[in-house]
Amino acid sequence: MAAPEGPLVIGVDSSTQSTKALVVDTATGDVVARGQAPHTVSGDGGARESDPEQWWQALTAALHQCGPATGRAAAIAIGGQQHGLVPLDAAGRPVRKAMLWNDVRSAPQSARLIEQLAGPDGAGPDAWAERTGSLPGPAFTVTKWAWLLENEPEAARATAAVRLPHDYLTERLTGRGTTDRGDASGTGWWSSATEKYDEDILALAGLSPALLPEVVAPGETAGITRELPGLPLRAGIPVAPGTGDNAAAALGLGLRPGQPVLSLGTSGTVYAVSQRRPVDPSGTVSGFADARGGWLPLACTLNCTLAVDRIAALLQLDREAVEGGGSPVLLPFLGGERTPHLPHASGLLYGLRHDTSAGQLLQAAYDGAVYALLAALDRVLDEDADPAAPLLLIGGGAQGTAWRETVRRLSGRPVQVPAAKELVALGAAAQAAGLVLGEDPADVARRWDPARGPQYAPGALDEAALHRIGHTLADAGALLQQENRRP
């Protein structure tokens, strides 16, 4: 590889399953070095937890894998999984494992908080949406804190600081407790209307604002790196604010308002950058902030690539071994679901026939996962959106033919698959580059041209499949809302 043309920066993606680090040339966007180390997730039923210390160990290992380039980096930024509750004691150590975004145990607390905010007039959803832009579903951090207070009061009493996953790693680097508006907007206690912590909501949830990090503005620094044992970074380099994974990916793509993105990973998301503050009392769209000063209306499903891969494994099929022509509906809600709001749901198969093949069942699982995302797309897009613009397909699933063809068939829209991979880490690198170069990080990313890649024409819209899935979902609503407890 040719010598770098500009300063080097590091972008990090601390996701559910692993931490990735990229060393990037700010002049070209070329990845000079990369590293990756895994995490473990524990829990059964609705629980999903990880030890934050593993995130730090994985970050350290990933940076070591990047070799000498790590020591030449001029800045770093952390992108991380959203919503996770990381309670810390007075020494900055985790009080317990972090409750992750896909931990749905706080569904009862979610329902109660929505009802309580507006009081007896029944306007809870409207009140929440107007204040925060979103309804606090079980994924949101505020509901997890309420769950902790009720179920583990000793852990709550021992908590001296509450952080999100990316906040935790940034604070380990700098010694300063910070977050950014993008990740803060997924907590449920940050007001998108005022761009401040909402003290009424914090009081309702029983959380002191003194436990929360400072919200650093876009373009500011979160601090500088400390001299830390075993960490191969230079001390004294600036650390950008970082952000949540979806806001980081939007930066990594250099998104302009109205460009639709469909991300296929452990979770599935559809989102677009907007200049208008989103407010959705239905709870379908989360009214997130982006990492630059705009907005990132987003809908998220809990069951995407991991759920479909699990069904492929049960059928003893390769994940690409789909077959068309079948009529079954398979809703792959293996861990409850966020969109639609069915936190207690489990997977549902309907329409099995004598001639149904295993490959048709697998295709039905893809269809069920993609349907849930596309159903939210119109709510995500506003008047800035170009209805003819291709869906930017990203995430691990974007590389799979079955995923891409399912999106084309059920959306009837053109699809573009960006050549750039590891977009969360690339967006974090763009944020770090913005500090070093004194530029808007989205402008830096656009110069790197990360969205270039093959385009695919719209497929014939499969209206029969859409009708079949929609009716099954509606008719099975009562069943899917029941809590399916294990014996």
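Reader: Hi! Leaving aside neighbours within four places in sequence, which residues is Thr26 in contact with?
Author: Hello! Thr26 is in contact with Gly6, Pro7, Val9, Ala433, Leu437, Arg447 and Trp448, once neighbours within four places in sequence are set aside. Bear in mind that this is a predicted model.

Reader: Noted. Where is Thr26 found?
Author: Thr26 is in the loop between β2 (18-25) and β3 (31-38).

Reader: And is Thr26 buried or exposed?
Author: Thr26 is buried, because its relative accessibility is 1% and the cut-off for buried is under 20%.

Reader: What does the side chain of Thr26 reach at 2.8 Å?
Author: That would be the backbone oxygen of Pro7. Pro7 is also among the contacts of Thr26.

Reader: How far is the C-alpha atom of Thr26 from that of Ala445?
Author: The two C-alpha atoms are separated by 9.2 Å, while Thr26 and Ala445 sit 419 residues apart along the chain.

Reader: Which elements give two or more residues to its lining?
Author: For the largest pocket these are β2, α9 (245-253), β16 (261-264), β17 (268-271), β19 (295-301), α10 (305-314), β22 (391-394) and α13 (423-437).

Reader: What lines the largest cavity?
Author: Its lining is made of Ala247, Ala250, Leu251, Gly254, Leu255, Val273, Asp290, Ala291, Arg292 and Ala442. Helix α9 gives the largest share, 3 residues. By class, the lining of the largest cavity counts 7 nonpolar, 1 polar and 2 charged residues.

Reader: Let's do backbone checks. Which residues does a cis peptide bond join?
Author: A cis peptide bond joins Thr339 and Pro340, with omega at about 0°. Pro340 is in the loop between β20 (329-331) and β21 (348-350).

Reader: What about Glu195, what is its phi?
Author: Glu195 has a positive phi of about 55°, although it is not a glycine. Glu195 lies in the loop between β10 (190-191) and β11 (196-197).

Reader: And what is the phi of Glu422?
Author: Glu422 has a positive phi of about 55° and is not a glycine. Its place is in the loop between β23 (415-416) and α13.

Reader: How exposed is each of them, starting with the relative accessible area of Glu195?
Author: Glu195 has a relative accessible area of 38%, so it is partly exposed. Glu422 is partly exposed too, with a relative accessible area of 24%.

Reader: On to the strands. How many residues of β5 are buried?
Author: In strand β5 (residues 76-80), 5 of its 5 residues are buried. Ile76, Ile78 and Gly80 point one way from β5, while Ala77 and Gly79 point the other way.

Reader: What joins strand β1 to β5?
Author: Strand β1 (residues 8-14) and β5 run parallel, joined by 5 bridges. Within this pairing, Asp13 stands opposite Gly79.

Reader: And how many bridges join β5 to β15?
Author: There are 2 bridges between β5 and β15 (residues 243-244), which also run parallel. Here the bridge partner of Gly79 is Thr243.

Reader: One last thing: what is the strand order in the open sheet of 7 strands?
Author: The order is β18-β19-β17-β16-β22-β23-β24, with mixed pairing. The edge strands are β18 (286-289) and β24 (455-456), each pairing on one side only.

Reader: In which sense do β18 and β19 pair?
Author: They pair in the antiparallel sense over 4 bridges. There, Ala289 has Trp295 in β19 as its bridge partner.

Key
Residues numbered from 1 in each chain as written. Predicted model: local features only at pLDDT ≥ 70, side-chain atom pairs only at ≥ 80, totals over all residues. Heavy atoms only, no water. Buried < 20%, exposed > 50% of the residue type's maximum accessible area, 1.4 Å probe, protein only. Contact = heavy atoms within 4.5 Å. Polar contact = N/O pair within 3.5 Å; in protein donor to acceptor, adjacent residues only side chain to side chain. Pairing = 2+ DSSP bridges. 1 Å grid on protein atoms, 1.4 Å probe; cavity = no way out; pocket = protein on both sides within 12 Å on 5 of 7 lines; lining within 4 Å. Nonpolar A, V, L, I, M, F, W, Y, C, P; charged D, E, K, R; others polar.
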